[in-house]
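Reader: I am new to this structure. Please show me how to read its features.

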Amino acid sequence: MDQLQAEVCIVGAGFAGLAAAYKLKQAGQAVRVLEARDRIGGKVYTQLLPDGTPINMGGTWLGAGHDRMHALAKEMGLETFRQYVQGDNLMLLGGKVHRYSGTLPRINPLALFDVGLAMQMLNWMASQVPLDAPWEAEKAHEWDAQTIGAWIDSRWHATTTTAQKMLRTIFCELFMSDPAEVSLLHALHLIHSLKSIEWAVGAVGGAQQDLVVGGTRGSPSASPLGWAMRCACERPCVGSCRRPTASRSSEIR
Ligand SMILES: Cc1cc2nc3c(=O)[nH]c(=O)nc-3n(C[C@H](O)[C@H](O)[C@H](O)COP(=O)(O)OP(=O)(O)OC[C@H]3O[C@@H](n4cnc5c(N)ncnc54)[C@H](O)[C@@H]3O)c2cc1C
């Protein structure tokens, strides 16, 4: 087995690992990034259609207030653009398509009120979960012993079936998995870290505000993240990076 030498070894070439490698390299450290998969980017993955159109399969938007990500993108020479929000919205609910403009869908007002109330309850519960130590929330054990799906399904929290369906859709979208598989405590921690449910699902002023021109992974020619990507992806490696000695590692000097 090859032996790798480095001052710092980073496990995982997702954006966190790559950003850490970039900062450490700027600080003059020799860094190795180890990646288990045959590509870098982790949960950020942009596929290009034959005509060059980028399709983001994972991490996509830079949210309002994601100042460090915006600054990093700028530093990388990447441009961003606003999420397009003109026109009507469509919502498929119970097999029926609802077309509406603005933020409030034209559905049963009681169901809308019900959703709003449940969201405020969740926002309030989330505010009780410490960001740096969620396990220290007063009700941490109680909330971790149930799923966000079970919470939504309780008639105490959402009384109408429509409200339950809408809440399930919101959390499916947030977690990319069935709410029945997500701890309530984890969901609350995420809501708190994202500010609120409204922010998490919002476009302008919310989590889905800006996109990167060319896709989230950025153009391989953009530097210096593009540089890090070239180091890990392409052969031969450029600059002072050595060709990876192990197929899934790259040295960044
Ligand atoms: C579908 C989807 C949509 C999203 N949309 C957004 C969005 O719009 N905006 C936003 O801000 N965020 C979004 N996210 C979240 C965002 O993509 C992630 O928070 C972020 O990419 C996580 O980066 P990371 O480096 O921390 O982890 P990861 O991207 O998970 O990277 C970890 C890397 O480590 C590797 N690894 C793990 N274990 C080992 C090991 N033992 N040895 C070697 N390698 C290992 C993995 O293969 C992976 O490449 C989305 C996520 C998904 C899945």
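Reader: Which residues is leucine 122 in contact with, leaving aside its neighbours within four places in sequence?

Author: Contact means heavy atoms within 4.5 Å. Leucine 122 touches Ile148, Trp151, Phe171, Leu184, Leu188, Ile191 and Ile197 in that sense, leaving aside neighbours within four places in sequence. This is a predicted model: local features need pLDDT of at least 70, side-chain atom pairs count only at pLDDT 80 or more, and totals for chains, interfaces and linings use all residues. Residues are numbered from 1 along each chain as its sequence is written, and side-chain values use heavy atoms, with hydrogens and water left out.

Reader: How many residues has the largest nonpolar core?

Author: In soluble globular proteins, nonpolar side chains tend to be buried together. A nonpolar core is a set of buried Ala, Val, Leu, Ile, Met, Phe, Trp, Tyr and Cys residues joined through side-chain atoms within 4.5 Å. Buried means under 20% relative accessible area, exposed over 50%, partly exposed in between (1.4 Å probe, protein chains only). Here the largest core has 32 residues, and Leu122 is among those with the most contacts inside it. Its largest share, 7 residues, comes from α3. Helices (H or I, at least four residues) and strands (E, at least two) are DSSP runs, numbered from the N terminus.

Reader: Which side chain meets arginine 82 in a salt bridge?

Author: A salt bridge puts a side-chain nitrogen of Lys or Arg within 4 Å of a carboxyl oxygen of Asp or Glu. Arginine 82 meets aspartate 210, at 3.0 Å, N to O. The pair links strands β6 and β9, 128 residues apart. Arginine 82 is partly exposed, at 48%. Aspartate 210 is buried, at 5%.
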